[in-house]
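I opened a new model today and kept notes as I went. Here is what I looked up, entry by entry.

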Amino acid sequence: MSKLVIGIDESYTRTGITVLIDKELYSMQSIYFTGCKCNTDKRKAIRKTLYEILDDIRMNCNADEIKCIIERIRTFSGGHMSAQYLITTGGLITTIIDVMHQYNVPVYSVDTKSWKNNIIGDSKPLNNPYGINPNKYPTILYLKQNGLLKYIAEPYKGRGEKGVIKVKIDGKRVPCKINDDLADSYCIAMYGFLPKTKQKLKEEKF
């Protein structure tokens with residue numbers, strides 16, 4: 001029985017989306033919101049991209065089961081989250097739910113610590129010599145160890161050194177910035193292939 005999981009690391013800054021079929025990578029893409037002037041524009045950009053992804057899946061994939069997993073909205077992060085954050089992020093999630101509903105794809109959320117502990121093996125920050133956010137580095141390291149670093153590496157031609165690592169692309173070592181949102185979306189999608197007893201998913205219908 002074939003299973004397809006769409007993993008989304010949603011954010012108004014940059015949103016990463018990964019599609020896995022039976023744990024194999026089908027597609028990865030980021031939404032950078034270039035040209036968007038407000039959150040409404042960003043939600044429109046997400047809606048457009050999701051339509052394209054779902055149309056492609058409908059045309060080219062023959063999965064028996066399809067589900068979407070997003071990162072659960074955080075209500076605590078070193079203290080109470082602001083009402084504005086909860087409202088705007090809720091709007092982002094609602095956009096995803098509404099689009100998926102049109103394609104009969106259920107949307108589930110997973111807590112950050114749950115997918116990190118179960119996929120990466122730990123949710124603790126990890127210091128590194130590259131200047132990459134310690135909270136993001138374990139996920140990046142996980143993808144590197146699984147031979148997927150090239151999919152989240154973006155060639156960098158700037159002069160800065162913080163967060164820049166050299167990645168072999170087409171046989172050459174190229175200075176790159178790492179797209180940690182894509183890395184997160186991959187792990188979120190992988191969470192959907194865990195045994196049911198290990199999954200702590202909540203179906204979102206708001």
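**Entry: the hairpin.** I began at the hairpin of β7 and β8, where 2 residues lie between the strands. There Asp 170 takes a positive phi near 55 degrees. I keep in mind that this is a predicted model.

**Entry: pairing of β7 and β8.** I looked up how many bridges join β7 to β8. There are 6, and the two strands run antiparallel. Strand β7 covers residues 164–169. I noted two pairs. Val 164 has Lys 177 in β8 as its bridge partner. Ile 165 stands opposite Cys 176 in β8.

Entry: Next I turned to β6, residues 153–155. It is joined to β8, residues 172–178, by 3 bridges. This pair is antiparallel too. I found Lys 177 again here, as the bridge partner of Glu 154. In β8, then, Lys 177 is a partner of Glu 154 and also of Val 164.

**Entry: the sheet.** Which order do the strands take in this sheet? I read β6-β8-β7, an open sheet of 3 strands with antiparallel pairing. Strands β6 and β7 stand at the edges and have a single partner strand each, so one side of each has no neighbour in the sheet. Ignoring direction, neighbouring strands of this sheet are turned by 60 degrees against each other on average.

**Entry: two helices.** I moved on to α4 and α6. To describe two packed helices, I need the angle between their axes and the distance between the axes. Helix α4 spans residues 137–145, and helix α6 spans residues 180–191. They pack at an angle of about 70 degrees, and their axes are 9 Å apart. That makes α4 roughly perpendicular to α6.

I then listed the residues that meet. From α4 they are Thr 139, Ile 140, Tyr 142 and Leu 143. From α6 they are Asp 180, Ala 183, Asp 184, Tyr 186, Cys 187 and Met 190. Sorted by class, this contact has 7 nonpolar, 1 polar and 2 charged residues.

**Entry: the whole protein.** Last, I stepped back. I counted 6 helices and 9 strands in the protein. The radius of gyration is 17 Å, close to the 17 Å that the globule rule gives for 206 residues, so the protein is as compact as a globular protein of that length. Along the principal axes, the C-alpha atoms fill a box of roughly 45 × 40 × 35 Å. Of the 206 residues, 45% count as buried. I also checked the contacts with a separation of 6 or more: residues 24 or more positions apart account for 62% of them.

Note on methods:
Residues numbered from 1 in each chain as written. Predicted model: local features only at pLDDT ≥ 70, side-chain atom pairs only at ≥ 80, totals over all residues. Heavy atoms only, no water. Axes fitted to C-alpha atoms, helices over the stretch in contact; angles between N-to-C directions. Helix = DSSP H or I, 4+ residues; strand = E, 2+ residues; numbered from the N terminus. Parallel < 35°, antiparallel > 145°, perpendicular 65-115°, else oblique. Contact = heavy atoms within 4.5 Å. Nonpolar A, V, L, I, M, F, W, Y, C, P; charged D, E, K, R; others polar. Pairing = 2+ DSSP bridges. Rg over C-alpha atoms; globule rule 2.2 N^0.38 Å. Buried < 20%, exposed > 50% of the residue type's maximum accessible area, 1.4 Å probe, protein only.
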